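Trainee: I am new to this structure. Can we walk through it together, one question at a time?

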Amino acid sequence: MLSIFKERPAIVAYIFSSALLSGLVLIGICSSFALMLTETGLDTSSITQILLATIPYSWKFILSPFVKEVFLKYKNSKIDVIKFISYISQFCIFLGFSSLGYFHGGNLTLAFYVICLIVLCTSVHDIVREHIKLSLFEHKDLGIVTAIENTGFRFGMFVAGVVIVYAANTWNWKVAFFSAAFVVLGATVATFFIKHCKEAYSFKHDNSKHIFKNYISKCYDFFISNKIFIILVILISLKLSDSTINILKPMFIHFLGVNRIEYANMVHLYGVITMSLGGIVAGLALSKFAMVKCIRLSLISQIAICLFFVYLSVSKNNLLWITILINCASFVFSFSNVVFRTLVAQISNRDVNIFTLLLSLGSLIRICSYSSSGTLVDNFSWEFVYLLCLLSNIPGYFLCRKLICK
């Protein structure tokens with residue numbers, strides 16, 4: 001593990017800070033921004049409809065071949081295209097994210113489009129990071145590198161979930177989002193220290209006139225050469241309960257009568273510790289055990305978490321007990337996320353296009369759960385939604401034994 005830091009410290013710093021930026025955007029929008037809207041009196045289904053603006057996360061598979069082509073087209077240019085794309089993305093993210101606090105009771109239609117822009121730029125930035133990770137690290141190191149990436153993501157969640165809420169409580173939401181946006185500068189500094197890496201450009205050049213045609217052909221070959229049905233079921237099992245429980249968490253905690261400061265403490269202050277530990281444990285587990293065992297452990301743990309949330313929704317609990325169960329969930333979902341991303345990295349065989357396609361499927365699962373879960377809560381109950389999440393883990397548990405993975 002230490003050799004990774006010694007050999008490529010600048011790249012590791014870039015991966016960490018880039019993932020931190022991703023965590024800031026995702027939780028800043030889906031948690032803190034959602035909490036801000038909750039306080040204005042919007043119902044759960046309306047808030048989850050607005051969060052459909054994060055749909056560009058599911059477009060990564062469309063963006064990836066064009067980003068990859070840009071790498072090739074300008075690989076001999078004096079301008080380091082990886083740095084250039086990173087800087088442009090970071091600038092747009094800073095502008096968009098710093099403006100989110102101005103939509104407190106404001107024009108939510110405009111907020112929808114601003115969020116789309118932020119997520120689009122974040123998606124491009126993610127593609128650059130994942131391409132670097134897949135190009136520069138050995139197959140055996142992917143679990144550890146993904147754990148480092150996961151830790152950065154969790155610290156981004158900490159800033160988005162704790163710093164923003166504390167700042168909003170002290171001043172207001174405008175100051176909170178504007179202040180948190182300066183985290184982008186950390187990624188900018190890390191980008192500056194990256195050296196030009198030839199390995200990041202050493203992949204086969206497809207005919208630029210047929211970028212998307214070649215991409216579709218490669219995806220088709222990948223699908224017919226793999227048990228794609230099994231892969232899809234496993235992805236749904238790993239992501240559905242994770243996505244649904246986490247996207248509903250601000251509204252659910254509000255339903256339990258927890259105030260914004262208590263929410264920030266239990267979910268993001270203590271949560272950054274449990275989530276970081278979950279990622280580290282997953283990285284170590286993946287280096288010691290077979291992928292199928294790690295997937296099964298993830299799914300069994302997620303079933304237990306769904307039962308915890310059913311319990312919370314039907315019984316009155318004190319703040320300590322709620323905090324304990326919420327952080328157990330944070331640990332488990334962090335573990336599962338590292339397993340998910342390592343699985344995707346392994347079966348993509350270092351191809352960033354296939355990798356982003358599979359990640360986009362995971363994002364699509366998350367986005368589809370936004371509107372449907374909010375509607376189900378308003379029309380049925382919290383426990384009904386959590387029981388559905390529990391059931392979603394079962395197919396993946398039984399089918400993962402048929403998964404062929406190194």
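Predicted model: local features only at pLDDT ≥ 70, side-chain atom pairs only at ≥ 80, totals over all residues.

The questions below go from the whole chain to single residues.

Trainee: What box do the C-alpha atoms fill?
Mentor: Take the box along the principal axes. Its sides are roughly 60 × 45 × 40 Å.

Trainee: What share of the residues is buried?
Mentor: Buried means under 20% relative accessible area. Apply that to the 406 residues in the chain. The buried share is 58%.

Trainee: And what share of the accessible surface belongs to carbon and sulfur atoms?
Mentor: The accessible surface comes to about 17000 Å². Carbon and sulfur atoms account for 68%.

Trainee: Which contacts join residues at least 24 apart, as a percentage?
Mentor: Start with contacts between residues at least 6 apart in sequence. Among these, the share joining residues at least 24 apart is 86%.

Trainee: Now helix α17. Which residue caps its N-terminal end?
Mentor: Helix α17 covers residues 382-399. Look for a side-chain oxygen 3.2 Å from the backbone nitrogen of Phe 384. That oxygen belongs to Ser 381.

Trainee: Which charged residue sits over the ring of Tyr 397?
Mentor: The charged end in question is 4.6 Å from the ring centre. It belongs to Arg 296.

Trainee: Over which ring does Lys 83 lie?
Mentor: Lys 83 is 5.8 Å from the ring centre. It lies over the face of Phe 192.

Trainee: Is Thr 151 buried or exposed?
Mentor: Thr 151 is found in helix α7. It touches Phe 16, Ser 276 and Ile 280, leaving aside residues up to four places away in sequence. Its relative accessible area is 15%, and the cut-off is under 20%, so Thr 151 is buried.

Trainee: Helix α11 holds both Asp 242 and Pro 250. What does Asp 242 touch?
Mentor: Asp 242 is buried, with a relative accessible area of 9%. Set aside residues up to four places away in sequence. Then Asp 242 touches Gln 302 and Phe 333.

Trainee: How far is Pro 250 from Glu 262 in space?
Mentor: Pro 250 is buried, at 1% relative accessible area. Beyond four places in sequence, its contacts are Cys 30, Ser 31, Leu 35 and Tyr 263. Glu 262 is 12 residues away in sequence. C-alpha to C-alpha, the distance is 11 Å.

Trainee: What separates the C-alpha atoms of Ala 176 and Leu 100?
Mentor: Ala 176 lies in helix α8 and counts as buried at 1% relative accessibility. Not counting residues up to four places away in sequence, it touches Ile 164, Ala 167 and Ala 168. Leu 100 is 76 residues apart from Ala 176 along the chain. The separation is 9.4 Å.

How values were computed. Residues numbered from 1 in each chain as written. Heavy atoms only, no water. Buried < 20%, exposed > 50% of the residue type's maximum accessible area, 1.4 Å probe, protein only. Helix = DSSP H or I, 4+ residues; strand = E, 2+ residues; numbered from the N terminus. Polar contact = N/O pair within 3.5 Å; in protein donor to acceptor, adjacent residues only side chain to side chain. Lys NZ or Arg CZ within 6 Å of the ring centre and 35° of its normal. Contact = heavy atoms within 4.5 Å. Areas by Shrake-Rupley, 256 points an atom, 1.4 Å probe, with all protein chains shown as cover.
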